[in-house]
Structures are given as C-alpha cells and as structure tokens.
Amino acid sequence: MTDVYADQETQSRKEQSLYASRVKVYPKKIWGQIRKLKWATLVVLLGIYYIAPWLRWDRGPNAPDQAFLIDMPHRRAYFLWLEIWPQEVYFLVGLLLLGALGMFFVTSLFGRIWCGYTCPQTVWTDLFMWVERLIEGDRAQRIRLDKSGFSLGKLWRKSAKHTAWVVIAILTGGAWIMYFNDAQTVVPQILNGTAGIKVYGFLALFSGTTYLLAGWAREQVCIYMCPWPRFQSAMYDEDTLAVTYRDWRGEQRGKHKKGDSWEGRGDCIDCRACVAVCPMGIDIRDGMQLECIGCGLCIDACNQIMDRVDLPRGLIGYDSQRNQDLQATGKPLRFHFIRPRTIVYATIFAVICGIMAWGLLTRTTVEVNVLHDRNPVFVTLADGSIRNGYTIRVLNKTRDEKVYKLSFDGLAYATMSVVGQENSSADNIARLTAAPNSVATYHVFLTVPPELEVDEAHAFDFVLTDRDTGAVAHHETVLRGP
Amino acid sequence: MATPKTDELTGVATTGHEWDGLTELNNPLPRWWLYTLYACIAFGFVYAFFVPPFPGVEGIIPTTRAVLAEQVAAAREDQAVFLNGIESSDVAQIRGDGELFAFATAGGAATFAENCAPCHGAGGAGAPGYPSLADDVWLWGGTLEDIHTTIGHGIRNDDPDSRFSEMLAFGRDGILNGGQIGDVANYVLSLTGKAEDPEAAARGQEIFAENCVACHGENAGGEQSLGGPALNDAIWLYGSTLADIRAQVTNPRHGVMPAWNGRLDEATIKMLTVYVSTLGGYKE
C-alpha cells in the first residue's frame with residue numbers, strides 16, 4: 001500500500017509545482033473618463049498627503065504649531081483645534097469604526113471603489129507605473145525591453161526608473177515622518193544628518209516598503225497580502241454595482257472584420273484591450289473574481305474599441321447582477337440603492353458620527369478621574385465613623401497652572417480631607433493644584449458619622465471646578481460601608 | 001484513495017484527497033512568498049548573532065537585558081537626588097516637602113507591599129490580630145516619630161528597644177474566675193453600649209478598676225505609652241463579641257512585629273513612615 005501512495009505522490013509532484021513564479025503584468029496606457037477620474041483622485045490624495053504636514057496652526061506658546069501632528073514622546077495628538085490625550089483614544093477608535101463602516105457602506109453600493117481609486121497601494125502603484133511608462137515606454141516597448149539582452153540603453157532606462165522610484169519612495173516615507181515630527185524642524189535635520197536613529201530608521205522602513213510594494217509587489221499585495229478582498233464579497237449582493245462584462249451582449253465573442261455582419265454573434269470582438277490595460281493582469285470577461293480591484297480601466301479600453309467599431313459603449317461597465325439578469329431577458333433596468341444592508345450601514349455610521357460629535361462638542365479642558373480604594377474598601381474609625389479613600393486624578397488640558405476646586409455632590413454629612421493637606425480648612429472644598437498640560441494625582445478621604453447608616457454602596461459625584469473659566473467636571477463614584 | 005484530480009469548475013488541480021465529498025484545491029504558493037520565508041529564517045540567524053538571545057552573551061547591538069541594566073542604572077542615578085534628600089531630612093521635613101513627599105510615598109508603597117502587606121494587608125487594611133494602619137487608632141502612637149520608632153524597633157522581639165507590652169493571663173493563671181471574667185467582659189462591652197447583661201456589667205466595673213485600669217487607662221481610654229489599647233471605641237484587634245473578649249481576658253494573645261532596623265536601610269524606613277502616615281491614621 002505504501003508504495004502505491006509514494007508513487008502517486010511523485011506523480012502529482014511532477015504534474016504541479018507547489019510554487020508558482022509571478023507572471024509580470026504590463027498594463028497598457030489608456031485614456032478615458034475613468035482614467036481621468038483616477039488621475040484626479042490621485043492628485044487630490046497625494047496632494048493632501050504631501051502638503052498636510054506643512055500646514056500651520058497657532059496654538060500659542062509652548063505648543064507645536066503644526067496643524068496635523070502626532071507627538072508620541074509627549075503623548076499628544078494635534079488635529080487643527082483639537083488636542084487629543086491618550087485618555088481620549090476612543091476618538092481614534094471612533095475614526096477607525098467610521099473608516100470600516102464607510103468602506104462597508106460604499107462597497108455594498110458601488111463595489112470595490114476603495115480598492116480601485118483610493119487605496120494607497122493603488123494610488124502609489126499608479127504613480128510608479130506612470131514613471132515606468134515615461135522612462136521605458138508603453139506595454140509593447142516594456143515587454144520588448146525586458147526580453148532584450150543587455151545593452152547600454154536598457155541599463156540606462158532601468159537605472160533611471162529605479163532612481164525615480166527611490167526618490168518618490170523617500171519623499172513618501174519622509175512625508176510620513178512629518179506627521180510624527182515637526183516638519184519644519186525634522187526636514188533640515190534629515191538633510192544635515194542630525195535627525196537621530198529613530199527618524200532615519202522609520203524613514204528607511206517607509207521608503208523601503210513604498211519602493212517594494214508599489215514598484216515590485218503591486219498586484220501581489222492585493223491578491224496575497226491584503227485581507228480586504230477576501231471578505232469584501234460579504235458586502236456584495238445582487239444590487240451592488242461592480243465592474244462587469246455584459247456577457248449577454250458580448251457573447252458569442254469572435255474576431256470581426258470591417259464590413260462583416262453583426263448578425264448571430266456577440267459584440268465582443270475579442271481584441272483583448274481590456275486584458276492589456278488591466279493592472280491586475282486578469283480577464284474581466286471571466287466574471288467577478290478576487291483579483292479584480294474594480295478600477296474600471298477596462299471600461300475605458302472597451303469603450304474606445306466600441307467607438308471604433310460603431311457599437312454602443314458599455315460592453316463593460318458598472319452594473320449589478322440584478323440588472324444583468326433583467327437586461328439579458330430584455331426587461332428595463334432597476335437600481336436599488338436603498339436596501340436593508342445600506343440602511344443598516346448608514347444608520348450605524350450616522351450614530352457613531354453623532355456620538356463622536358457629541359463627544360467633541362462636550363469636550364472640556366479639565367477632566368477628573370476617581371478611583372475608589374479597594375484596600376481597604378472602607379475603614380471603621382474609633383468613634384464608629386466610616387471612612388472611604390479615593391485616588392483622584394486631575395487632567396489639566398490647558399497651558400496654564402491651575403488651582404481647581406474639588407467638592408462632592410449627593411452625600412450629606414460627609415467630611416473631606418486631602419492627604420498631605422491635613423491642615424487646610426475643613427469647609428469640604430479642597431484646592432487641588434495641577435501643573436500645565438499634565439495630570440495631578442491626589443488621595444482624598446471622605447468620612448461619614450456613625451449615626452448615618454451607610455448602605456453597601458452609596459453613589460455620589462466628585463465635582464471639580466475650574467475657578468477661572470467655571471468649567472466643571474463630574475465623576476460618579478460610591479461610598480461603601482459594612 | 002488519493003489520486004490527483006483536476007477540479008472541473010476552476011481547472012485547478014486538487015490535492016487528491018477527499019473528505020466526505022470535500023476536496024481541496026492545490027493552488028501553488030507564489031514563489032516570492034517562499035523566498036520571504038527563507039529570508040526570515042536567514043534574518044533570524046543574523047539577528048541572533050547581533051543581538052544574542054542567550055543570557056551572559058552580549059552582541060554588537062545592545063540586548064534588552066543590557067538596555068534594562070542601563071535604564072535601571074539611570075533610574076538609580078535619578079533617584080539618588082531624592083534619596084540624598086531623604087537621608088539628610090527628618091521625617092517631618094520629608095512630609096512637608098512636595099517632591100520628597102511624593103517620592104517617599106511611592107517608595108514607601110513599594111516597600112510596604114513587599115514587607116508589611118503580608119500581615120497588615122494591602123493598603124494597611126489590617127486583619128484580626130494584625131492592626132489596621134488605615135484607621136485613626138494607634139496602639140503605640142500615630143505621630144511620625146511614633147511610627148518611625150515602631151517600624152525601626154518592632155514589637156515584642158529581641159531588639160533591646162523593641163516596643164513591649166504583655167497582658168496578664170487572668171483566666172489561665174487563675175487571677176479571675178470564670179464569673180468575674182464574664183462580668184468584666186460585659187463591662188467592657190457596656191462602654192460602647194453593647195453590654196448583653198447590664199447587671200454583670202455593673203459588677204464588672206469594680207473588677208476592671210482593680211485589674212485593668214493600670215494599662216487600659218481610666219475609662220478604658222487606652223494608655224499608648226504602655227501599648228494598652230483603648231476599649232471604649234469601635235476598633236477591636238481580636239474581635240468585639242462577648243466570647244472574643246472573654247477569650248482574650250482568659251488567655252491573651254500577643255502579636256509580634258520584627259524590628260526593621262538592619263533589615264531595611266534608614267532612608268527606606270523613613271519612606272515607609274511617610275507612606276504609613278498617608279494611610280489615614282496620621283496624628284500631628
């Protein structure tokens with residue numbers, strides 16, 4: 001028996017290797033509506049990416065004046081008028097949720113337009129391909145160049161291309177650094193060699209990955225590395241618009257000579273223009289497939305050909321499965337944009353937007369966090385009074401030293417004392433000092449007399465008041481007894 | 001039986017195996033993926049050479065062990081300023097100085113968790129037989145000086161300056177009989193309004209005056225200089241029921257605390273003193 005198995009193993013190994021080499025894709029240049037849209041998107045997105053770190057925003061002295069800055073060493077993130085503390089990382093969570101839901105929503109409506117138009121991988125690959133085309137020529141010339149033997153011309157073109165790619169990659173990685181360091185400070189430092197190992201390390205990392213992913217890996221990133229194509233089909237249904245070859249119109253495909261009759265055949269003349277322009281190297285006529293990023297360049301290519309053979313445009317276009325079936329049977333088109341799926345995505349999106357807007361609008365420059373002591377939960381004093389301890393953290397988000405007023409609300413007959421300030425007045429209002437732009441920690445005791453029966457947990461609020469602005473921060477906590 | 005087949009729908013070869021009607025496509029992996037795996041393995045060896053993962057060997061790039069040692073040394077250096085301050089100040093000065101107070105509280109908390117919490121509980125919460133350090137009652141005094149002495153010399157140990165007190169075994173040694181012990185226990189409870197038998201309590205008052213006042217003080221208010229606990233408050237080290245009190249009078253238990261002088265350095269004991277004073281019982 002074992003011999004049989006071994007034989008079959010050898011057999012199957014011979015038939016198919018476990019590994020396949022990449023088949024290089026040579027996308028052909030194309031011009032059309034969708035290509036125009038893609039260039040416009042590219043210019044806008046890259047513009048934002050490269051220019052944003054240079055925008056300034058005056059926040060007064062002792063604060064960075066960069067409009068968009070994530071200051072890791074000081075644990076602060078600046079977005080225009082907003083200054084986010086690590087404690088407010090939920091804003092980041094909200095942004096990520098909005099990003100995910102936005103992608104779900106758009107995908108359920110229009111398919112993979114994120115992949116095709118706005119994904120950084122697509123945008124930079126487009127840019128790198130443009131450079132490649134400038135230097136090495138279009139599809140046919142590039143294929144010829146790669147097949148040709150060594151020559152000075154080939155050496156010159158290849159090195160020019162890679163030099164240009166590396167320059168773009170360094171600019172890209174450099175721009176990324178500027179979101180984490182002050183652009184006006186770090187750029188001169190990078191240039192004169194004083195920026196430090198971290199900056200150069202990350203610069204090398206981001207430049208290297210840009211060069212590798214946009215120059216070499218390209219469609220391999222989408223097919224093998226990215227998880228999004230693997231589950232985006234979960235957002236698709238029969239009403240989702242996707243780049244589609246209208247096979248009911250195109251088949252039977254076949255070569256067509258000028259003057260031949262169109263009777264009894266499809267509109268597809270099998271010119272393979274759609275395949276030649278595809279950056280993923282696939283044939284859209286095989287139907288919906290994982291590799292298709294929905295960039296729509298095949299639509300431009302096919303439309304050009306249709307114009308040339310005097311047939312209506314749109315043999316390939318954005319279309320839904322439902323319309324495919326309707327058209328194939330000669331019924332009118334129907335578009336369903338409002339569907340349970342899109343309503344749910346849009347509703348959750350709106351709710352999160354609302355929560356974040358509420359959070360931003362009610363955001364104050366002072367915050368108080370209260371931690372009830374666990375060891376011990378409460379202490380019985382000599383006269384039978386019950387005392388609870390609290391660790392109070394005061395977040396002073398302003399640029400000035402502040403003296404806050406701490407009091408409590410919802411607890412009668414209690415007396416308050418602050419550890420280290422035992423001598424201060426006993427009017428149940430403590431004065432807590434907090435240095436500018438920092439957190440101050442205090443330990444506070446609350447004591448209630450023995451006559452007062454303390455429930456197992458009595459809820460009340462600590463109230464912190466900014467005496468200059470009147471801003472108030474509350475934090476609910478409990479007083480516990482036996 | 002495993003025979004290589006081709007999947008009709010996709011035209012891709014299958015692995016040949018079939019699991020209850022399911023077959024698996026045998027799509028080839030991209031070759032660069034394989035090379036990436038090899039590159040990662042190679043990188044592992046290079047990395048191990050430059051940053052050795054074995055203790056005792058240092059490579060060209062500092063390991064996290066070396067970085068840690070450096071950071072610990074740097075932290076020690078930073079702490080030295082504060083430690084010097086603590087060594088050259090007395091405990092009251094430390095408590096009055098914002099920076100030293102914060103440093104001493106943090107250092108004291110760490111030392112307390114390691115050395116004191118096993119008996120006194122985290123946060124000095126105490127336990128039956130182990131005094132709470134968070135309430136406002138002190139057996140040996142709650143001023144900074146008192147706390148400092150107690151930590152340094154301990155209680156009922158071999159240190160010549162150790163705090164020492166011992167309650168007579170009134171029951172075991174036959175000083176009082178069972179009825180008298182019940183009476184005096186009732187009297188003690190009556191001081192906080194919890195007597196079970198008012199007549200017994202009345203009888204017990206005389207016994208208390210004769211036997212107990214010397215250490216527990218007039219009106220049972222306690223006598224700190226002798227370590228005699230107050231009996232007229234809500235704090236009970238060995239329990240507050242009649243049975244608990246009878247048991248303690250009959251056959252008293254005594255806790256022992258080691259002297260920390262010599263075990264901990266003086267700066268650490270000062271920090272501990274400051275920390276204990278923040279737990280809630282601090283007396284001016």
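Mentor: Let us start with domains, whose bounds come from an automatic or database domain assignment: the centres of domain 1 of chain A and domain 2 of chain A, taken over C-alpha atoms, are separated by 48 Å. Domain 1 covers 45–232 and domain 2 covers 366–480. This is a predicted model, in which local features need pLDDT of at least 70 and side-chain atom pairs count only at pLDDT 80 or more, while totals for chains, interfaces and linings use all residues. Residues are numbered from 1 along each chain as its sequence is written, and chains are lettered from A and ligands numbered from 1 in the order in which they are written.

Trainee: How do you know how chain A compares with a compact globule of 482 residues?

Mentor: The radius of gyration is taken over C-alpha atoms, and the globule rule is 2.2 Å times the number of residues to the power 0.38. For 482 residues a compact globule would have a value near 23 Å, but chain A has 33 Å, and the C-alpha trace of chain A spans about 110 × 65 × 60 Å along its principal axes. For chain B, a compact globule of 284 residues would come near 19 Å, whereas the chain has 34 Å, with a C-alpha trace that spans about 105 × 60 × 30 Å.

Trainee: What makes a residue count as buried, and what percentage of chain A does?

Mentor: A residue is buried if 20 or more other C-beta atoms lie within 10 Å of its own, exposed if 12 or fewer, and partly exposed in between, with C-beta atoms placed from the backbone. By that test 25% of the 482 residues of chain A count as buried, and 29% of the 284 residues of chain B.

Trainee: Why is a set of residues called a nonpolar core?

Mentor: It is called so because its members are buried Ala, Val, Leu, Ile, Met, Phe, Trp, Tyr and Cys residues joined through C-beta atoms within 7 Å. The largest such core has 40 residues, and Cys274(A), Ala301(A), Cys302(A) and Ile316(A) are among those with the most contacts inside it. Helix H14 (297–308) of chain A is one of the elements that give two or more residues to this core, and H14(A) gives the most, with five residues. Helices (H or I, at least four residues) and strands (E, at least two) are DSSP runs, numbered from the N terminus.

Trainee: Which residues does Cys302(A) touch, not counting residues up to four places away in sequence?

Mentor: Two residues are in contact if their C-beta atoms, placed from the backbone, lie within 7 Å, and by this rule Cys302(A) touches Ala273(A), Cys274(A), Leu315(A) and Ile316(A). A second, separate core of 27 residues includes Phe82(B) and Trp260(B).

Trainee: What makes strand E1 of chain A and E3(B) a pair?

Mentor: Two strands pair if DSSP finds at least two bridges between them; two bridges join E1 (residues 19–20) of chain A to E3(B), therefore they meet the rule, and they run parallel. Ala20(A) stands opposite Pro30(B) in E3(B).

Trainee: How many residues does each chain bring to the contact?

Mentor: The contact takes 29 residues from chain B and 30 residues from chain A. On the side of chain B that touches chain A, H1(B) supplies the largest share, four residues.
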